[in-house]
Amino acid sequence: MNWLHELITNRFLITGVSSWFVAQLAKTIIHAIINKKLVLERMVGDGGMPSGHSATVTSLAMISGLSYGFDSFQFAVTALLAIIVCHDAMGVRLETGKQAMVLNELTKAFEALTKYKAQKEKDQLEIEKLKAEIEKLKEGLRNQADIPDDGFLDAIKGTAEKTWGKTDV
């Protein structure tokens, strides 16, 4: 059981874990304030600010420097580890930001295409309705064209025009 006591009293481990915990707690609180909703998954989730990874390695480097001196092997190793982790975190954030911008543009393009397609379908339905109405009108005109001319009425009209001049009949 001595190993357990050494583990839970290890100041380097306690410093790193407590720094991670504080960063995650701050991230959760900030997220809750911005979104007006408490999401406890933020306590263990990656991403967002502050970085739990960066907080852990920088606090480990600092406790190493304070305990063994800033010219010690322990500080050198933990400081290099902190630099690598923080640099990678910055790179990941930069690339993630670029990808987010591209995804936002793709989303806008997809929404515009969807609206265009919906409008095109709506327009196509309207065209089909108009075509149907035109066909009805054509059919009505065909039916009127099938009525034979009444020669008798034309004869009366012609006679009336010759006798009394042009008429509106």
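This is a short tour of the structure above, stop by stop, with something to select at each one.

**The whole chain**

Start with everything in view, keeping in mind that this is a predicted model. In cartoon view you will find five helices and zero strands, so the pattern along the sequence reads α-α-α-α-α. Of the 169 residues in the protein, 17% are buried. Among contacts with a separation of 6 or more, 43% join residues 24 or more positions apart.

**The nonpolar patch**

Which helices supply at least two residues each? Helix 1 (2-8) and helix 2 (11-35) do, with helix 1 giving the largest share, four residues. Click on Leu-7, which sits in helix 1. Leu-7 has a relative accessible area of 42%, and because that falls between the 20% and 50% cut-offs, Leu-7 counts as partly exposed.

**Along helix 2**

Now move to Asn-10, at the N-terminal end of helix 2. Asn-10 caps this end, with a side-chain oxygen 2.9 Å from the backbone nitrogen of Phe-12. From first C-alpha to last, the 25 residues of helix 2 reach 35 Å, close to the 36 Å expected at 1.5 Å a residue.

Color the buried residues of helix 2: Phe-12, Gly-16, Ser-19, Ala-23, Gln-24, Lys-27, Thr-28 and Ala-32. What do they pack against? Their partner is helix 3. As you look at the spacing of the selection, recall that an α-helix has 3.6 residues a turn, so residues three or four places apart point the same way.

**The loop between helix 2 and helix 3**

Step past the end of helix 2 to Lys-36, which follows the helix with a positive phi near 55 degrees. Lys-36 is a residue other than glycine with a positive phi, and it belongs to the loop between helix 2 and helix 3. Is Lys-36 buried or exposed? Lys-36 is exposed, because its relative accessible area of 73% is over 50%.

Stay in this loop and select Arg-42. At 18% relative accessibility, Arg-42 counts as buried, because the cut-off is under 20%. Show its surroundings too: leaving aside neighbours within four places in sequence, Arg-42 is in contact with Gln-24, Lys-27, Thr-28, His-31, Gly-47 and Gly-48.

Go on to Ser-51, at the start of helix 3, where a side-chain oxygen reaches to within 3.4 Å of the backbone nitrogen of His-53. The end C-alpha atoms of helix 3 are 24 Å apart, which agrees with the 24 Å that its 17 residues should span at 1.5 Å a residue. Its buried residues include Gly-52, Val-57, Ala-61, Ile-63 and Gly-65.

After helix 3 comes Gly-69, whose phi is positive, near 100 degrees. Finish at Ser-72, in the loop between helix 3 (52-68) and helix 4 (73-145). The side chain of Ser-72 reaches the backbone oxygen of Gly-69 at 2.8 Å. With 11% relative accessibility, Ser-72 counts as buried.

Methods
Residues numbered from 1 in each chain as written. Predicted model: local features only at pLDDT ≥ 70, side-chain atom pairs only at ≥ 80, totals over all residues. Heavy atoms only, no water. Buried < 20%, exposed > 50% of the residue type's maximum accessible area, 1.4 Å probe, protein only. Polar contact = N/O pair within 3.5 Å; in protein donor to acceptor, adjacent residues only side chain to side chain. Expected span 1.5 Å × (residues − 1). Contact = heavy atoms within 4.5 Å.
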